[in-house]
Amino acid sequence: MDWLMGKSKAKPNGKKPAAEEKKAYLDPEHTKSRITDFEFKELVVLPREIDLNEWLASNTTTFFHHINLQYSTISEFCTGETCQTMAVCNTQYYWYDERGKKVKCTAPQYVDFVMSSVQKLVTDEDVFPTKYGREFPSSFESLVKKICKYLFHVLGHIYWAHFKETLALELHGHLNTLYVHFILFTREFNLLDPKETAVMDDLSEVLCSNAAAGGATGDGASGGAQGAQNHVKER
């Protein structure tokens with residue numbers, strides 16, 4: 001679990017940002033696409049008589065498997081050559097090893113670190129207990145928050161670097177649906193710092209604002225979120 005304890009901070013790296021590309025995933029024709037019009041705002045609420053940690057564990061594990069599956073659909077296009085850094089918009093992410101040392105890696109290496117580490121956690125009975133009588137560790141909620149942060153990075157990278165391939169595979173409806181469900185769930189239980197998700201605020205606004213009504217038409221993104229990305233950051 002040591003890999004989850006490292007801290008990351010955003011700071012300018014001094015590099016001149018590349019010209020911002022048009023974000024295809026914000027196109028109204030694409031943001032309308034869903035595989036279901038289910039009211040996710042109701043789906044994420046903690047059911048009566050269900051333990052909070054059980055609910056967090058069940059959903060976190062499910063999101064992990066679905067995000068891993070979504071990434072696998074474009075993984076052949078995410079290589080060390082095409083994605084030399086783990087980038088989302090103008091934010092670059094670094095991995096932190098067991099000693100807390102920052103590791104610069106390619107996007108596929110970063111995603112592999114995320115998925116293998118989360119897989120190890122969700123199958124650990126001491127962290128995600130499934131047997132009767134076993135208790136969740138006192139640090140469980142903080143671990144779930146860390147997991148959600150890294151899964152968010154993976155989702156963001158798919159949108160930012162591989163939305164074209166996702167469109168070609170006609171899987172953008174699946175991606176949008178997964179994103180809405182994930183974001184609304186993390187908001188319901190305060191699992192993600194708003195500063196962490198700000199990099200995708202424009203998409204979140206379009207997809208999630210009318211989620212309960214069955215999806216947004218996406219007639220524009222928040223200009224403030226895009227304007228805030230005026231320099232390359234490191235995390």
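Q: How many helices and strands does the secondary structure of the protein contain?
A: This is a predicted model in which residues are numbered from 1 along each chain as its sequence is written, local features need pLDDT of at least 70, side-chain atom pairs count only at pLDDT 80 or more, and totals for chains, interfaces and linings use all residues. Side-chain values use heavy atoms, with hydrogens and water left out. Helices (DSSP runs of H or I, at least four residues) and strands (DSSP runs of E, at least two) are numbered from the N terminus. On this basis, the protein has nine helices and six strands.

Q: What is the average pLDDT of the protein?
A: The pLDDT is the predictor's confidence in each residue, on a scale from 0 to 100. In this protein, 79% of the residues score at least 70, and the average pLDDT is 82.

Q: How many contacts beyond near neighbours in sequence does the model have for residues 1-20?
A: The pLDDT is below 50 over residues 1-20, and where pLDDT is low, the predicted coordinates should not be read in detail. With a contact meaning heavy atoms within 4.5 Å, the number that the model has for this stretch, beyond near neighbours in sequence, is 42.

Q: What percentage of the 235 residues of the protein count as buried?
A: A residue is buried under 20% relative accessible area, exposed over 50% and partly exposed in between, using a 1.4 Å probe and protein chains only. By that rule, the share of the 235 residues that count as buried is 48%.

Q: Are α3 and α5 roughly parallel or roughly antiparallel to each other?
A: Two packed helices are described by the angle between their axes and the distance between the axes; these axes are lines fitted to C-alpha atoms, for helices over the stretch in contact, and the angles run from 0 to 180 degrees between N-to-C directions. Helix α3 (residues 52-72) and helix α5 (residues 140-168) have axes 10 Å apart and pack at about 25°. Angles under 35 degrees count as roughly parallel, over 145 as roughly antiparallel, 65 to 115 as roughly perpendicular and the rest as oblique. The two helices, whose contacting residues include L56 and F63 in α3 and V144 and L151 in α5, are therefore roughly parallel.

Q: Is the crossing of α3 and α4 left-handed or right-handed?
A: The axes of α3 and α4 come within 11 Å and cross at roughly 150°, so the pair is roughly antiparallel. Among the residues that meet are T61 and Y71 in α3 and P108 and V122 in α4. A crossing is right-handed if the near helix is turned clockwise from the far one by less than a right angle, and left-handed if anticlockwise. The crossing of α3 and α4 is left-handed.

Q: At roughly what angle do the axes of α6 and α8 cross?
A: Residues of α6 that meet α8 include N176 and Y179, and their partners in α8 include L203 and C208. The axes come within 10 Å of each other, and the angle at which α6 crosses helix α8 (residues 201-208) is roughly 95°.

Q: Is H172 buried or exposed?
A: H172 lies in helix α6 (residues 172-188). Leaving aside its neighbours within four places in sequence, H172 is in contact with H30, S33, F163, T166 and L167. At 15% relative accessibility, H172 counts as buried.
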